[in-house]
Amino acid sequence: MKIKPAVSVISPDRIEPDIELLLKIKGDFVPEGELDASSAYAYAPFINAHDHLVGNWFPRSGDKRPYPNSHIWVEDMRHSFAVEERNNFWVNDGSFKLTEPNAYALCQLGAYKNLFSGTAIVQDHSPNQPDSYYKGFPVTVLKKYRQSHSITLGNWWGGGTAEEEMAHSKGQMPFIIHLGEGTDELTKSEFAKLKKRNLLQPNLMIIHGIALTKAELKEIAAVGASICWCPTSNFYLIGKTLDIESCLKLGVNVVLGTDSTQTGGINLLDEFAHAHEKFPEIPLQTLYAMITVNPAKALFLPADKGILHPRSTADLLLIDAVERDPLQNLLEVSSEHIRLLLHNGIPLYGDAKWLECFQTVPADYTQFRVGRREKFVIGDPMELNDRIDAVLGYHKDFPYLPF
Ligand SMILES: [Zn+2]
């Protein structure tokens with residue numbers, strides 16, 4: 001099947017009208033039929049560089065904001081309304097065995113949060129889980145990474161020491177750590193400690209980095225490490241964010257992440273819009289790179305991710321054109337406007353009429369209505385919501401689910 005969207009955002013630097021895209025689905029099958037895409041824009045599916053899938057309960061927690069550092073919040077949030085409500089379904093006992101059925105249901109919910117915002121690849125910051133964990137999600141949850149929670153708290157949630165984890169990475173996959181999430185002396189001292197422990201390496205991805213100085217950002221840029229920026233979470237929790245202006249001037253590889261909804265925004269589309277609202281001087285092209293090509297680099301993804309491939313389009317995000325500029329468009333749309341999310345040749349979500357063209361894809365889907373539109377989605381997120389409702393005894397609304 002060939003489609004011709006009004007504009008195709010091939011990469012942040014290449015945005016072209018009237019390009020034909022040849023859709024490929026699993027098994028190299030080119031689907032039959034024709035659907036009009038002339039009032040839609042094409043993008044590469046997004047990449048969310050930072051989430052905690054199990055933590056996407058709602059509303060946010062943090063009664064004593066702004067916190068001088070996030071480590072205080074880690075303790076404080078245990079007594080929040082959201083965590084106490086969630087305890088009825090799953091209690092975080094610190095063991096982080098996320099394959100346990102109710103924990104896994106919450107992680108699935110977090111995966112759907114990403115899917116419904118056009119995000120097909122997610123970094124789930126948690127201790128490394130058994131292989132089976134990564135196989136059952138509707139989106140790609142990356143398996144190849146090593147991590148530490150933070151310099152100050154260490155791996156309280158599981159995993160080796162930061163040095164052991166970095167050694168395991170062999171420089172061939174990202175090493176991920178929360179760092180400088182605060183404004184006090186403790187968080188300001190974390191970068192020096194990281195360096196002393198020889199963790200400033202090209203495969204390092206720092207999460208947050210609010211406390212980093214210009215000199216420290218310069219060192220990060222020189223090594224070629226990445227920083228994951230989570231402005232919504234930062235402003236909510238700490239009241240301040242990363243020195244993004246210096247990062248961009250210095251050429252740091254900045255990626256955008258949502259964090260979980262315990263502190264972050266609703267999803268990656270929301271994060272994109274919020275970053276723009278707070279920093280309108282940053283070109284949208286630069287922000288778009290932070291959810292496509294930059295995280296592809298930081299997370300060691302295959303070369304075909306984060307960009308569109310017109311002659312063999314197995315990854316595609318097709319969205320209604322509601323604005324003239326396709327990047328401005330991303331500020332105005334929500335999950336309802338997504339016509340098709342295709343990932344690794346598998347349709348994940350979109351308008352139901354598209355699914356008819358993909359009959360030969362062996363996967364299970366459910367359908368639901370959003371406004372006047374009939375949508376399909378891979379798997380059954382409504383069943384997840386029902387399971388939670390059955391335990392709570394009332395309907396729990398998650399704002400990132402469009403049904
Ligand atoms: Zn985090």
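## A tour of two domains

Start by colouring the protein by its two parts: domain 1 (2-44 + 307-364) and domain 2 (48-298), with bounds that come from an automatic or database domain assignment. Residues are numbered from 1 along each chain as its sequence is written. Keep in mind that this is a predicted model, where local features need pLDDT of at least 70, side-chain atom pairs count only at pLDDT 80 or more, and totals for chains, interfaces and linings use all residues.

Next, select the C-alpha atoms of each domain: the centres of domain 1 and domain 2 are 28 Å apart. Now show the residues in contact (C-beta atoms, placed from the backbone, within 7 Å): domain 1 brings 19 residues and domain 2 brings 17.

Which elements give two or more residues to the side of domain 1 that touches domain 2? Select β14 (316-320), α14 (326-332), β15 (338-343) and β16 (346-351). Of these, α14 gives the most, with four residues.

Now zoom out to the whole protein. In cartoon view, look for 16 helices and 18 strands; these are DSSP runs numbered from the N terminus, helices being H or I of at least four residues and strands E of at least two.

Among contacts with a separation of 6 or more, 69% join residues 24 or more positions apart.

Technical notes: Contact = placed C-beta atoms within 7 Å.
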